[in-house]
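Dear colleague,

I am passing on the structure that I have been going through, and below it I have written out what I found. Please read the notes with the coordinates open beside them.

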Amino acid sequence: MPSISELKAQLKQLNAEYAKIKDMPAEKRADFGKELNVKKQKIIQQIADAENAAQDVDIVPLDITASRDINADAPEFLTADFGSQHPLMTELDRVIGIYQSMGFDIMESVQLDDEYHMFDSLNFAKGHPARDGYDTFRTKEGFIPPAHTSTMQHRVLKAYKHKLDEGKIIAVAVPGRVYRNEDVDATHEHTFYQCEGVYVSETCTLGNMLGILREFFEKYYGQKLNIKTQPGYFPFTEPSLEFLIEKPAALGGKGKGGDWLEMLGCGMIHPNVLKMAGIDPTKYQGFAWGGGIDRLVMLRYGLGDVRNFESAKLDFLKEFAC
Amino acid sequence: MLISLNWLKLGLDKIDISDDELVKLIGARLVEVEEVIDQTHKYDKIYVAQVKFCEKIPDTHLTLCLIDDGGKAEDVERNKDGYVQVMCGAPNVHQDMFVAWIAPGAIVPASVHDAEPFKISMRKMLKKYDSYGMIAAADELDLGDDHEGIIELNPEGLQAGMPFAKAFVDLNDKILDIENKSLTHRPDTFGLLGFRREVAGILGQKFTSPDWYLNPNVDFKNSSDVKLEIEIDEKLCPRYTAIVFEPTGKEYSPYFSNQATLLARAGMRSIDPIVDATNMNMLLSGQPLHAFDYDKFVAVGGSATPKIIVRAAKKGEKLTLLDGKEIEMNEDDIVITSNNVPVALAGAMGGANTAIDENTKRVILESATFSLYNLRKTQMAHGIFSEAITRFTKGQPAGQTLPVALRFAREVADYLKPVGLFDSQKTAPVAEKVELPLAQLNSLLGTDFDAATAQKILQNVEFDVKTQGDKLIATVPFWRTDIHIPEDLIEEIGRLSGYDNIAPILPLHGTADPNVMFTLKTALRHHLSARGANEVLTYSFVHGDLMKKVGQDTDNSYEIVNSISPDLQHIRQSIVPSLLDKSYANLRAGHEKFALFEMNQVYPRTNGVDEDGVPKSTYQLGFVVVDQAQKSDFYLAKKYVQSILDNFGVEYKIKPFLDAKDKSNTYYESKRSANIETVDGTLIGHVGEIKQRILREFKLPVPTAAFEIDLQLLLELQGASAKDFSFSQYPSVARDLTISVPLDRRAGEIEARIRETLSQRRLVNRVKCTSIYQAEGADTKNISFHLDFARTDKTLEKAEIQAIMKTLEKIK
């Protein structure tokens, strides 16, 4: 390995070579210049590496098996008062806890997926405009950071299909991080959390879906709730609905009615979705739903700016000290 | 989408619920109503008035008018005939005309949403003329953009003094702002007719579409002078209907039309009777129409036998659009051609070469439907987002091209005479039939509909429904392009009758499996926060520069092609760099000592893909501890790691750091970091100090230590080492021990030897290092331990203790 001063001399020499370009035949200039640039980059990198290595010589190795440094006090944990848990994560724990108590298995969503799981397996026709509504990000390879936790429906159905064969039912909640390509402001984030529910049995009905959803929110808010629905459109459910609850007392609902919160989208699983996962839609039927977690937290704590969640700002997080 | 409630109600039976209840029902059974814009007082104190007398004021643009308002306005001076004086600046004011007069005290409708609404009062003009109120132009009434002159009302059926609002479909209206995203699959509801049909169904009314829609009737003959052939690619263009017209020569009516007010309520503007008729028909049916100049069309094609050919565009094919822009098309675009020469970008915009202008004689009206998939691509590729293409991308039904074209022909009959009808469809397709067993309906919804009720619900919205035993057989009307399977009918019945009438019933079912990953994460969250650390979430996407800063290869990350900004262009390979990135801002905010941790999935490309071909993640716990007082060293991070691994009963070894082992962990200072491994050498994670030059770039104190642990591994390994709960009921002996060793001797090994020695003698023991001391200039270090040990069968005797200590002191 040449020394730093040798490398610098080489660099100087190389820089001088550039002067030759103007004497070259025109057709050779480009190649010659390119070659010089490659050489130059290599030397610059070597100099940087050598400089870093020189710095690293001063670094004192330590005894990794010891509990402390020589002549130093033993390290101390930070004061417990400083600690905090992320409000989104503790809320997700609560949500998951309620679903578990209601007999739902839990399967966390992936954070990088493909077109098949995100759309095809959910009965979105190829090239259908409904795909545009999801504002998905894409990688060079065509992978998709999922825009909804429904991206897991096909996996859930396949993974738990054996339960149907065993005479049981599929009841799974799928929490996960999802992504949409949209501009960020106080009420919009490109990164947020959702929780999906998938339920399949021989006999379950839309009435059962409403029953489960009402039960969940009643447990979540610890009170009886009025619910209502609006028609929705999702290619993977038929019928499709939006589910609303009347503002609970915990969120300032006065019980007078008329104040509704849209909590999630839901519907009876489209027979094509079941079929694609190898479940016979003439024998089984199911329902599914999905809703945002961030909003639940914002409502619970009366927070005004969704951007704080992924900011890692201690000033914000310490409000949620444990 | 904006819908006028008054226009909507026009075709419905009497509604005996309030508007509020109606809007609620629409919300519950059709589509979300985002907002109801109440305009019921927007035209208060505006009257139909007749101009009784006009006199131009010389050398000004003003005309002195006396108007008859039927004596309706208050606080105005009237002449002996009861007329009111008002000055008017419009050039088209003339005697006897009927106008809209904004009386004093009224708010100018165009200004109702302004910060300071414009209230009309009496004004003195040219210092001597009293002027009461204002004779209004279309723009002031918020019914158009026209300010060239005042609007003139068709006198038929009008009398002076009636409220202006009543001269049309009542302008005292409520406008529904519809969130149309959930109607993506319902092209029919993008026309008022379809929306109205749904509302009838919701209300339990039987709806019947107008005759022109169901039974189109051609009441003219093709002229032998007009030739046109149509050639389509049915995949791209299921149906193309064209009517050729020639002008009647009649001048346009000067009167302000009812249509103009309806267009305004839908957020559109009146242009002229022909354009208005195309827009009105689109609003009514959802079917967009387009007009070409027939003679230009023939000339462009350059053939004696003009032919409309609808085909896929060729890559690079060019067309100058109506707005003057030249576009380059691609194979996904559909192009309308005249004998193969492009004249329009289908569904989006006409070409300049066949545009209607003041010299236009004959026109071709196009009423066609195109592949929504192609038009979606056209919309994206050329950035055209018109009312028309929005409707086309929902997939307008082929069945309505002819009826809508014929309706247009009747509406414009005063000005245009149809001379030729051409249609690509020769025979109507057979309507689809869908069978629905009643049991399936009730078992899916959890309801108990009888056949007659279900039948009626569908019949109300014009399905032809027969019953056969316990089965409904529904013939799908041509406009319901979304109905194909029994579930589609179930949705209709459930929705129209109200999902909210379905009783919520909690099913009984089995128990859940415990979720180990969530339990682990919850426990870790408690464990670390109880030790002063802060759980954070940071983006999965990072800047390429951040990766470079910590020495990671950006080629080892998936790259987002449509990222919001360069800050979010790469999917991260590990969590620690994100935490380093967030640390400085917290230091600057005054936090001098803190620890950040995050548990999340990361996607280094080296992880490869799973059996589905989807990238595999690593579930990682990343942790960084920062201390302005420079106490965040390797040992502090290690203490956290050990507390976790001990707490979760993991058997592990702290091994020398090998940074060549994976591509993502490029930021640990190898001389001051370690690998965390299982006893059989599987890497669980890393712990150590971050390289100094990286810390300097992040403006963080030196040292700053971090660790990361693979949570999936932790999950598999937890509980493997049974905790040592052995204790003795005999008194234990406490001793301190200091051993002097060469500087390169490892403290951990000495400690292990002590434990080993004690354990070999079957002594229950605890060993704790209390100090490591090196005197200045010495080539040895003294390691001190505090020991507790005891026998389990009896109390240790002095001699035995001495022997033990002697053995221990010999350890080197």
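**Domains and the contact between the chains**

Chain A is divided into domain 1 (4-57) and domain 2 (87-320), and please keep in mind throughout that this is a predicted model. The C-alpha centres of domain 1 and domain 2 of chain A are 56 Å apart. For chain B, the domain assignment gives domain 1 (2-39 + 174-208), domain 2 (46-167), domain 3 (229-423), domain 4 (433-498), domain 5 (516-717) and domain 6 (733-809).

As for how the two chains meet, 90 residues of chain A are in contact with 99 residues of chain B. The elements of chain A that each supply at least two residues to the side touching chain B include helix H2 (26-57), strand S2 (170-179), helix H6 (206-221) and strand S5 (237-246). The most is given by H6(A), with eight residues, and by class that side of chain A has 41 nonpolar, 29 polar and 20 charged residues.

**Helices of chain B**

In chain B, the axes of helix H5 (residues 258-265) and helix H6 (residues 273-285) come within 10 Å and cross at roughly 50°, which makes H5(B) oblique to H6(B). The crossing of H5(B) and H6(B) is left-handed. On the H5(B) side the contact is made by Gln259(B), Ala260(B), Leu262(B) and Leu263(B), which meet Asp276(B), Asn279(B) and Met280(B) in H6(B); the residues of this contact divide into four nonpolar, two polar and one charged.

Helix H6 of chain B also holds Thr278(B), which is buried because 23 other C-beta atoms lie within 10 Å, where 20 or more are needed. Leaving aside neighbours within four places in sequence, Thr278(B) is in contact with Leu289(B), Ala291(B) and Phe408(B).

After H12(B) comes Glu462(B), with a positive phi near 70°.

**Backbone points to check**

Most residues other than glycine have a negative phi, and most peptide bonds are trans. Which residues are joined by a cis peptide bond, with omega about 0°, in chain A? They are Glu238(A) and Pro239(A), and Pro239(A) is found in strand S5 of chain A. In chain B, a cis peptide bond with omega about 0° joins Val702(B) and Pro703(B), where Pro703(B) is found in the loop between helix H18 (692-698) and strand S33 (705-710).

Asn340(B) has a positive phi, near 80°, and its place is in the loop between strand S17 (334-338) and strand S18 (341-345) of chain B; Asn340(B) is partly exposed, with 13 other C-beta atoms within 10 Å. The phi of Gln630(B) is likewise positive, near 60°. Gln630(B) is found in the loop between strand S29 (618-627) and helix H17 (634-647) of chain B, and Gln630(B) is exposed, with 10 other C-beta atoms within 10 Å.

With kind regards

How values were computed
Residues numbered from 1 in each chain as written. Chains lettered and ligands numbered in written order. Predicted model: local features only at pLDDT ≥ 70, side-chain atom pairs only at ≥ 80, totals over all residues. Axes fitted to C-alpha atoms, helices over the stretch in contact; angles between N-to-C directions. Helix = DSSP H or I, 4+ residues; strand = E, 2+ residues; numbered from the N terminus. Parallel < 35°, antiparallel > 145°, perpendicular 65-115°, else oblique. Left-handed = near helix turned anticlockwise from the far one by under 90°. Contact = placed C-beta atoms within 7 Å. Nonpolar A, V, L, I, M, F, W, Y, C, P; charged D, E, K, R; others polar. Domains from an automatic or database assignment. Buried ≥ 20, exposed ≤ 12 C-beta atoms within 10 Å, placed from the backbone.
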